[in-house]
Amino acid sequence: MTSAKSARRPHHWRRDLIELAALFTAVAVADAIANLIGHQPDGPYLLMASAVALVATAAFHTWWARRHSHAPPSDEADAVPVGAGATVGTATTAGGAEGTGEGGVVGAGEAGTTLWRMRTTVLDAPGSLAALCTALAGLRVDILTLQTHPLAEGTVDEFLLRAPATLQAQELSRKIAAAGGASTWIERADAHDLVDTPTRVLSLATRTALDAAELPLALRQLLGRCTIHSLPAVSVTGRATGQSAPVEGVLEETVMRLRDPSGGVISVERPYLPFTPTEFARARALVELDARLGPRVPRSEDVLTLPEGNEITVRRADRGDLAAARAMHDRCSQDTLGLRYHGPVADADRYLDHLLSPRFGRTLAVQTASGRLVALGHLLWDGDETEVALLVEDDWQRRGIGSELLRRLVALAEEAGCDSVYAVTQSRNTGMVAAMRALELPLDYQIEEGTLVITARLTGEEAATARPTTEEAARPSAPTEWARR
């Protein structure tokens with residue numbers, strides 16, 4: 001938007017009066033000097049010196065005037081209501097038109113205002129966008145960013161708005177409808193939405209390129225509030241699920257289905273708000289990037305020293321650890337496997353291929369100095385929710401390994417923007433219950449068919465005070481010591 005400040009500067013008549021008086025004074029002085037010294041022998045030289053002095057004075061005045069005109073405007077003289085006289089500029093891109101204001105973005109916490117995200121559909125005709133902008137200006141609403149999503153018939157315009165705090169969403173929707181907007185959708189926004197779309201897309205693409213487990217999270221952040229399910233082509237029992245999608249994907253109003261590079265389908269659903277072809281193209285581009293890069297997991301390791309002096313290594317795991325994970329299963333007791341998988345112990349190995357896939361979440365592995373795998377911790381994407389699960393080999397239990405894994409998994413969930421995590425266990429699994437309590441987060445307990453579900457809330461004031469800082473989350477719990485390789 002172009003601010004109206006530059007077009008409505010007040011006229012400073014006192015400064016003009018002073019400049020006019022100075023001009024007449026200078027003329028009078030010059031005339032007096034000419035009469036006094038003009039007829040003397042050295043008079044012409046004195047007159048020339050006076051002319052040079054006048055030219056220097058005029059040059060100084062011009063420099064001073066320009067410097068003053070670029071000084072910051074005073075609050076009283078140049079205060080203009082937000083949104084008054086605002087105009088919108090757009091620049092067409094391959095994915096639609098993107099526009100941002102020229103006047104700069106003020107902090108999201110500006111007193112007396114509220115940030116809104118608004119999406120509305122208008123006719124693809126000259127003047128339709130101008131009508132919306134005029135309606136918003138009438139409500140004293142400032143347009144911070146604009147995206148345009150072309151449709152076969154019409155255009156979806158998505159705005160980030162700063163509105164007076166007293167403006168209600170219903171009133172805003174009525175004004176937009178009167179200006180020609182249809183299917184209007186409005187929700188509260190925050191400071192994170194001030195990042196323009198190209199920057200956000202590039203950031204999500206970078207995260208996806210570094211870690212295959214980021215794809216579902218990147219899609220969710222790209223498309224806003226939505227539910228994402230990874231539907232495998234083969235079930236854990238080895239049977240075909242029939243889940244498939246064409247290479248180009250499928251878009252059906254509020255549902256899009258994309259072919260998963262690792263097999264199966266990625267299903268994205270967003271109730272009440274249909275996806276646009278532009279959003280579909282962006283999502284498909286992220287999935288194509290993931291397919292071209294192939295399997296990948298960040299290779300960072302943390303070496304921990306247990307209280308008894310043994311060293312263990314915590315790192316990310318993937319399907320390359322399948323054989324070592326099965327060998328650990330063979331060393332675990334029936335009771336330990338039963339507490340972890342809540343079903344027939346004979347089927348435990350079948351879940352490993354699914355659990356170690358980065359498409360369904362993130363897995364942390366613990367191995368000894370000899371390279372033996374002794375523990376696994378899983379952070380699993382479950383639609384809108386996130387599950388944590390632990391398995392520690394019998395001989396390595398009661399040493400703080402489970403608590404350390406859980407602490408790190410919760411830190412990963414916070415980094416991914418999850419609101420909560422839940423663990424499915426049994427009340428007799430005192431180790432898991434104690435590890436959840438040690439998080440010092442608000443916990444909810446629920447019994448479902450004899451199974452205990454413990455949910456830890458990661459957001460809210462209570463969680464914020466109990467939650468470790470980013471630096472603390474990267475460190476193992478006492479009494480272990482650590483060093484990063």
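In the predicted model, Glu214 and Arg362 are joined by a salt bridge whose closest N and O atoms lie 2.1 Å apart. This pair connects distant parts of the chain, 148 residues apart: Glu214 belongs to the loop between α6 (197–210) and α7 (215–223), and Arg362 to strand β13 (residues 361–368). Glu214 has a relative accessibility of 6% and therefore counts as buried, the limit being under 20%. Arg362, at 2%, counts as buried too.

A salt bridge is also found between the side chains of Arg296 and Asp290, with an N to O distance of 2.8 Å. Arg296 has a relative accessible area of 13% and is buried. Asp290 is likewise buried, with a relative accessible area of 3%.

Glu308 and Arg399 form a salt bridge through their side chains, at 2.9 Å from N to O. Glu308 is partly exposed, with a relative accessibility of 42%. Arg399 has a relative accessible area of 26%, so this residue is classed as partly exposed. Arg399 has a further interaction, in which its charged end sits over the ring of Trp396, 4.4 Å from the ring centre.

The total for the model is 19 salt bridges. Arg117, Arg119, Glu158, Glu187, Arg270 and Glu279 are connected to one another in a network of such bridges. Side chains of opposite charge can pair when their charged atoms come close.

Another charge placed over a ring is that of Arg188, whose charged end sits over the ring of Trp116 at 4.7 Å from its centre. Pairs between aromatic rings, in contrast, number zero.

Strand β13, which holds Arg362, pairs with β14 in an antiparallel arrangement joined by seven bridges. Within this pairing, Gly361 has Leu380 of β14 as its bridge partner. The two strands form a hairpin, with four residues between β13 and β14. In the turn, Gly371 has a positive phi of about 95 degrees.

The pairing of β14 with β15 is antiparallel and extends over eight bridges. One of the residues involved is Ala375, whose bridge partner in β15 is Val392. Strand β14 (residues 373–382), which thus pairs with both β13 and β15, is mostly covered, with nine of its ten residues buried. In a regular strand the side chains alternate between the two faces of the sheet.

The protein chain has a mean pLDDT of 75, and 71% of its residues reach 70 or more. Residues 1–12 have a pLDDT below 50, and this stretch makes 23 contacts in the model beyond near neighbours in sequence. A pLDDT under 50 is also found over residues 67–109, for which 71 contacts beyond four places in sequence are present in the model.

Definitions and conventions: Residues are numbered from 1 along each chain as its sequence is written. This is a predicted model: local features need pLDDT of at least 70, side-chain atom pairs count only at pLDDT 80 or more; totals for chains, interfaces and linings use all residues. Side-chain values use heavy atoms; hydrogens and water are left out. A salt bridge is a side-chain nitrogen of Lys or Arg within 4 Å of a carboxyl oxygen of Asp or Glu. Buried means under 20% relative accessible area, exposed over 50%, partly exposed in between (1.4 Å probe, protein chains only). Two strands pair if DSSP finds at least two bridges between them. pLDDT is the predictor's confidence in each residue, from 0 to 100. Contact means heavy atoms within 4.5 Å. Rings of Phe, Tyr and Trp (its six-membered ring) pair if their centres lie within 6.5 Å; planes under 30 degrees apart count as stacked, over 60 as edge-to-face and the rest as tilted. A charge sits over a ring if NZ of Lys or CZ of Arg is within 6 Å of the ring centre and within 35 degrees of the ring normal.
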